[in-house]
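Hi everyone, thanks for coming along. I'd like to walk you through one chain today, so please have a look at the screen.

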Amino acid sequence: DSILLFKINPRSGWECINSQGFRDTREYDYLKKRTIFRIICIGDSTTFGIGSRLSDSYPAILEKMLNEDAESSNFEVLNFGVPGYTSYQGLKLLQTQVINYAPDLVVVNFLWNDSHKVFPGGKKDKAQSMASPIIIGALNIFQRFIFFQFLEKAIYKIEWEFSNKIKKTPWQTRVSLEDYLENYREMISLLKERES
């Protein structure tokens, strides 16, 4: 993706992915009823609920708990968690999409992927440059072919084995601690601006 680096393809085979590429059986509508208090959860695989059923993800549990205590179903919790996302991608997601859904509250949860190491010579998330739309389109087409999927898995395996052999090489994280803090500051600032 030209802004988010990557996103979930609705046809990817993940359980319960809506047409917008987020983990839900519902489609997310920009407009909400006045009686609805909308909470949006952004984060990584923890928010997504990887390895669990949709109903066991914390956004789904939160919505169920809030609406059990409410006289009517006044709470809506949207799950914008994407496995592999960092706080850098969370900031971009907030700026380009989440804000358009008029959230009353945003829950942010990023940690592990930010501290994930990139291969020596690799780039931090904010320094990544995107491929042209033509290349992205071609990759989307190729990903439908079994041979390409096999090749992609083989490349990941080679990278993993290579990374284990060069542990003495200095690694850098996908998001530095300074950038992590700045990403959170920008998210808070954007939400405060919108509040006023």
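Predicted model: local features only at pLDDT ≥ 70, side-chain atom pairs only at ≥ 80, totals over all residues.

Residues are numbered from 1 along each chain as its sequence is written, and side-chain values use heavy atoms, with hydrogens and water left out.

So, what is in the chain? It holds six helices and five strands; helices are DSSP runs of H or I with at least four residues, strands are runs of E with at least two, and both are numbered from the N terminus. Read from that end, the order is β-α-α-β-α-β-β-α-α-β-α. Of the 196 residues, 34% count as buried, meaning under 20% relative accessible area with a 1.4 Å probe and protein chains only, while exposed means over 50% and partly exposed is in between. If we take contacts (heavy atoms within 4.5 Å) between residues at least 6 apart in sequence, 77% join residues at least 24 apart.

Now to α2, residues 58-69. Its 12 residues reach 17 Å from first C-alpha to last, close to the 16 Å expected at 1.5 Å a residue; that expectation is 1.5 Å times one less than the number of residues. Which residues of α2 are buried? They are P59, E63 and N67. Seen down the axis, these buried residues fall within an arc of 60 degrees, so they line one face of α2; the arc is taken over directions from the helix axis to the C-beta atoms. Their cover includes β1, α1 (45-48) and β2 (75-81). On the other side of α2, K64, E68 and D69 are exposed.

Next is α6, with 19 residues reaching 27 Å from first C-alpha to last, close to the 27 Å expected. Here D179, Y180, N183 and M187 are buried. Down the axis of α6, the buried residues fall within an arc of 110 degrees, so they too line one face. They pack against β1 (37-43), α3 (87-96) and β3 (105-109). Exposed on the other side of α6 are L177, E178, K192, E193 and E195.

Last stop: R174, in the loop between β5 (172-173) and α6 (177-195). Why does R174 count as buried? Because its relative accessibility is 13%. A polar atom of the R174 side chain lies 2.9 Å from the backbone oxygen of G84.

Technical notes. Polar contact = N/O pair within 3.5 Å; in protein donor to acceptor, adjacent residues only side chain to side chain.
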